[in-house]
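Hi everyone, thanks for coming. Let me put today's structure up on the screen, and then I'll walk you through a few parts of it.

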Amino acid sequence: DLRLGFELRARTPSTETTMTDEKMALLELIEKRADTDLVREMLGFAAERLMEAEVQVRAGAAHGVRDPARVVQRNGYRERAWETRAGRIELAIPRLRRGSYFPCFLEPRRTAEKALTAVIQEAYIHGVSTRAVDDLVKAMGGSGISKSEVSRLVEEIDGRVGAFLTRPLEGEWPYLWIDATYVKAREGGRIVSTATIIAVGVNTDGRREVLGVATGASEAEVFWKGFLRSLADRGLRGVKLVIADDHKGLRAAASKVFHASLQRCRVHWMRSALAHVPAKQRPAVVAMLKTIFAQETAADARAQWNSVADALRERAPKLAELMDNAREDVLAYTAFPREHWPQIASTNPLERLNGEIKRRTDVVGIFPNAAAIVRLAGALMLEQNDEWAVSRRYMSLESLAVLSDAPRVSLPGVAA
């Protein structure tokens, strides 16, 4: 048995859960000084103990111990590779029944920070330097940045992001969320607003994954068809519903590529609808519209939609006409399992991702090219995907079973 010359003591829920500086220093020392095979074993051993200690704090009790202080049950393990200077280490990361756990020593944001650094330095070298970029480069000690250094960093990030964004997609993905956020980039000597598209799917195992990132003209059908086709070519199949804003061309592309319905984001539609109502009347109209989405069945929701539209026809004729034309788009989600309605009625599940992208892209200001946008957004999405991989299912297996195209197999009973 391998034993390390140090002890990792179990910590109580009130103890700080992050790795101490001493442990970090020890792991770095081990990586630098020892035999490679021994290092991997020692790091694996240390990582296992650290994860157990951290999860014990989160759970409130040790693994397998009955304790009234326990706040959450454990739920098996999830495998993940850990790349170190001593080579790859296969980790078994504990899972929890509620919430998620991600080991502190994996440094989940390292790739995104490298990508941000690469984009800032590339912008600086190409002369796309706003005051913010200049200040950041100086803060990073970048007065002597060379093109070769930036190229090496860009190549490293592009390799990881490229592998992530072109990986094969296996299984069925009944739900596909698509949303766009806009950033500025240099194109042909001009500064243009470029749409950055994020696609997220849920598979029949109930897991969420980021499936694609792209930039382009979000109103063109040819762009949407190409983007969706690229996902299909990687193996995306079984899509029943695409949830997105009202992008022109997306409906036709979703139908042609996946034969899927399109759910228009309910939240975005309501914002557009209220533009047809005087400000003083908006609170009352919002209350009326919310009664539609409070219904328990698809038939009731459609009936209430018609009632509200008729009630508004005299005082808000433009809104009533808008409702007549948008009913099937906005209520498409009601044709799917009731348990999924809160998630599939809008693109809200992507709001946090878009917020994270905007927060980082605002630091850059103007990107040197479209590839730099994909580099940064792709790195952020790669790390988000890693976090989702060790979190609980987004949807239950039972509720998703009715959406699978795979034939259901029932085993014959065993005679007593």
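So, how many helices and strands does the secondary structure of the protein come to? We get 15 helices and 8 strands, where helices (H or I, at least four residues) and strands (E, at least two) are DSSP runs, numbered from the N terminus.

A quick word on where this comes from: it's a predicted model, so local features need pLDDT of at least 70, side-chain atom pairs count only at pLDDT 80 or more, and totals for chains, interfaces and linings use all residues. Residues are numbered from 1 along each chain as its sequence is written, and side-chain values use heavy atoms, with hydrogens and water left out.

Okay, the overall picture. The protein has 416 residues, and 45% of them count as buried, meaning under 20% relative accessible area with a 1.4 Å probe, protein chains only. Its accessible surface is about 21,300 Å², and carbon and sulfur atoms hold 50% of that; the areas come from the Shrake-Rupley method with a 1.4 Å probe. Now contacts, which means heavy atoms within 4.5 Å. Take those between residues at least 6 apart in sequence: 66% join residues at least 24 apart.

Next, two helix pairs. Helix H6 (residues 221-233) packs with helix H7 (residues 250-258) at about 30 degrees, axes 8 Å apart. Axes here are lines fitted to C-alpha atoms, for helices over the stretch in contact, and angles run from 0 to 180 degrees between N-to-C directions. H6 and H7 are therefore roughly parallel, the word for angles under 35 degrees, while over 145 counts as roughly antiparallel. Residues making this contact include Trp224 and Leu228 of H6, plus Val257 and Phe258 of H7. By class, that's 10 nonpolar, no polar and 4 charged residues. Nonpolar covers Ala, Val, Leu, Ile, Met, Phe, Trp, Tyr, Cys and Pro; charged covers Asp, Glu, Lys and Arg; the others, Gly among them, are polar.

The other pair is H9 (residues 282-293) and H10 (residues 298-312), at about 160 degrees with axes 8 Å apart. So these two run roughly antiparallel. Among the residues in contact are Met288 and Phe293 of H9, and Trp305 and Val308 of H10. This contact has 10 nonpolar, 2 polar and no charged residues.

Last stop: Pro103, in the loop between strand E2 (87-96) and helix H3 (110-125). Is Pro103 buried or exposed? Buried, because its relative accessibility is 0%. Leaving out residues up to four places away in sequence, Pro103 touches Met51, Glu54 and Ile93. And Glu387, 284 residues away from Pro103 in sequence, sits 10.0 Å from Pro103 in space, C-alpha to C-alpha.

How values were computed: Parallel < 35°, antiparallel > 145°, perpendicular 65-115°, else oblique. Buried < 20%, exposed > 50% of the residue type's maximum accessible area, 1.4 Å probe, protein only.
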